[in-house]
Amino acid sequence: MTRATLAKNPDDVSAMFDQAAPRYDLTNTLLSAGQDRVWRARAREALALRPGERCLDVACGTGVSTEALGRSGATVVGVDRSAGMVGRGAHRPVTLRVGDALHLPFRDAEFDAVTIMFGLRNVVDAPAALREMARVVRPGGRLVVCEFSHPAWPPFRTVYLRYLRDGLPRIARRVSSNPDAYTYLAETIRAWPAQRELAAVIAGCGWSHVSWRNLTGGVVALHRAVRDAPRPAPAAPAPQEAAA
Ligand SMILES: C[S@@+](CC[C@H](N)C(=O)[O-])C[C@H]1O[C@@H](n2cnc3c(N)ncnc32)[C@H](O)[C@@H]1O
């Protein structure tokens, strides 16, 4: 998976989000023309949390997604590597922690479900993060990855790629507290694996029943999967009567 492991320095990525944090939520809403709320709502539906379940929101940022997930009646915890992003969410009625997706500060099989929304693309080693998410979810538990993707219809793709190249950085220069973060955003979206390719990566990292659906014509894709059950131990050989 070469394109999902672009050379990204984790400390640089966290510093970039620390700087973008003060106006992160506003910038997102403007750049996506309000679609970000719809995409997160679709991810929430796909997770289908039930009251009493435990869910982990990895790369939770300022906790917008975490707070919305918490309305399901499940216990939801958010974790993010950027202290600046987590700090912006301190007022929210959910638990947000500073922590790394590659070394999640949670026990094996602690959660019923895990999600990562617009975060996997930013993690330095996406397959390692997917394996780590599989570790903290119980066998049979659910994964939802919500991430920018690749529109399939060529005319729409052309317009979208032009927006990424010209429109998005221009808007970001006016609103964001760190416009460079949005040049990086456009670059990482272009380099990110297509829907089918990402599904194959997820399937290779401890997840089964992988499926996906496009949102907004493929601008975003929602991938769902189920945590593999542990393989049953091989049956012990039937006891043999010892030869006399
Ligand atoms: C685009 S933001 C998404 C935030 C939030 N999920 C949302 O939907 O608004 C990406 C987040 O990924 C976080 N991130 C990047 N690498 C990470 C890592 N290794 N561990 C945890 N969080 C990470 C960044 O700090 C940033 O907050």
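What percentage of the 244 residues in the protein chain is buried?

1. Buried residues make up 50% of the chain's 244 residues. Buried here means under 20% relative accessible area, with exposed over 50% and partly exposed in between (1.4 Å probe, protein chains only).

2. A word on what you're looking at: this is a predicted model, in which local features need pLDDT of at least 70 and side-chain atom pairs count only at pLDDT 80 or more, while totals for chains, interfaces and linings use all residues. Residues are numbered from 1 along each chain as its sequence is written, and side-chain values use heavy atoms, leaving out hydrogens and water.

3. On to the overall fold. You'll find nine helices and seven strands in the protein chain; these are DSSP runs numbered from the N terminus (helices are H or I, at least four residues; strands are E, at least two). The chain is as compact as a globular protein of that length, because its radius of gyration is 20 Å, close to the 18 Å that the globule rule gives for 244 residues. That radius is taken over C-alpha atoms, and the rule is 2.2 Å times the number of residues to the power 0.38. Along its principal axes, the C-alpha trace spans about 90 × 40 × 30 Å.

4. Now for contacts, meaning heavy atoms within 4.5 Å. Take those in the protein chain between residues at least 6 apart in sequence: 68% of them join residues at least 24 apart.

5. Have a look at strand 5 (residues 137–148). Nine of its 12 residues are buried, so strand 5 is largely enclosed by the rest of the structure. Strand 4 (residues 111–117) runs parallel to strand 5, and six bridges join the two; strands pair if DSSP finds at least two bridges between them.

6. Ala134 sits in helix 6 (residues 126–136). Ala134 is buried, with a relative accessible area of 5%. Leaving aside residues up to four places away in sequence, Ala134 touches Cys205, Gly206, Trp207 and Arg227. Gly206 is 72 residues from Ala134 along the chain, yet their C-alpha atoms are separated by 6.0 Å.
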